[in-house]
Amino acid sequence: LLNRDIRLIYSTTLLYSSLRRLLAYLAQNQGKPFQITEASKEAQISKVTLPRVLFAFEALFLIRAVPVVGMSKTTYFLEDQGMATWLKGRGIEGTRDLTRGIFANLRQEIQYRPELRGKVYQWRTRNGAEVPLVFETKDGVLGILPSLDRIPSSKLLASASSFTNKFPRAKTVIAYQGQEIQLRKPTQLWMPYWLLV
């Protein structure tokens, strides 16, 4: 893909090593708002060229862009999470790995059913509230907040409340390490994370 196929989409003379470094950077930073300066430095690809390479990666179904609502940014997830794990080259990273696992398992249920008119995005605020995965369909909005804790942190719960205040028709699922499904309030369900991955 990186040595041959990408050149069918974007005629580039970039070295394989630069393209691979960019893909590895994206694998390591899935779910975080994309930082063009940091990515450019890591991959040794100019900031002018980088958007074209990202477009080519998307066209090859290597990555998927996910908008970050509230910050006018984008984050990227790899389409193949097995490849992402191999590219990352390091162990489990807690909540971020849980987020990408949930993304990999639920995203296709939304995006490959056109009748749902589904969207996937993230929601973040400048003051640190975040919902790393939001699934929106014609039927409603669902924010998913992964946690590896048995009792979700107060910051995570505050993010969930802030999200439902901002989007009154939204509901949230706290994907946590507990054992039981709990309806905590009409807009918030706690669910063991392994039921979603």
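Let's start in a loop: Gln 44 sits between helix 3 (36-43) and helix 4 (50-59). Helices here are DSSP runs of H or I with at least four residues, strands are E runs of at least two, and both are numbered from the N terminus. Gln 44 has a phi near 60°, positive in a residue other than glycine. Most residues other than glycine have a negative phi. Gln 44 counts as exposed because its relative accessible area is 59%. The cut-offs: buried is under 20% relative accessible area, exposed is over 50%, and partly exposed lies in between, with a 1.4 Å probe and protein chains only.

A word on the model. It is predicted, so local features need pLDDT of at least 70 and side-chain atom pairs count only at pLDDT 80 or more, while totals for chains, interfaces and linings use all residues. Numbering runs from 1 along each chain as its sequence is written, and side-chain values use heavy atoms, without hydrogens and water.

There is another positive phi at Ser 72, near 50°, again in a residue other than glycine. Ser 72 lies in the loop between strand 1 and strand 2. Its relative accessibility is 77%, so Ser 72 is exposed.

Strands pair if DSSP finds at least two bridges between them.

Look at strand 1 (residues 63-69) and strand 3 (residues 119-124). They run parallel, joined by two bridges. Val 69 has Trp 123 as its bridge partner in strand 3.

Next, charges. How many salt bridges does the structure hold? Seven. The criterion is a side-chain nitrogen of Lys or Arg within 4 Å of a carboxyl oxygen of Asp or Glu. One of them pairs Glu 79 with Arg 64, with the closest N and O atoms 2.9 Å apart. This pair links distant parts of the chain, 15 residues apart: Glu 79 is in the loop between strand 2 and helix 5 (81-88), and Arg 64 is in strand 1. Arg 64 counts as buried because its relative accessibility is 17%.

Lys 88 and Asp 97 form another salt bridge, at 3.1 Å between the closest N and O atoms. Both Lys 88 and Asp 97 are buried.

Then Lys 138 with Asp 139, where the closest N and O atoms are 3.5 Å apart. Lys 138 is partly exposed, at 42% relative accessible area. Asp 139 is at 61%, so it counts as exposed. Shared partners also join Arg 64, Glu 79 and Arg 107 into one salt-bridge network.

Last stop, the segment after strand 8 (188-192). Val 197 is found there. Val 197 has 47% relative accessibility, so it is partly exposed. Together with Ile 181, Trp 194 and Leu 195, Val 197 makes a nonpolar surface patch of about 390 Å².

Terms used
Patches are made of residues with over 30% relative accessible area and no salt bridge: like charges are joined within 9 Å, nonpolar side chains (Val, Leu, Ile, Met, Phe, Trp, Tyr) within 5 Å. Accessible areas come from the Shrake-Rupley method with a 1.4 Å probe; for residues, only the protein chains shown count as cover.
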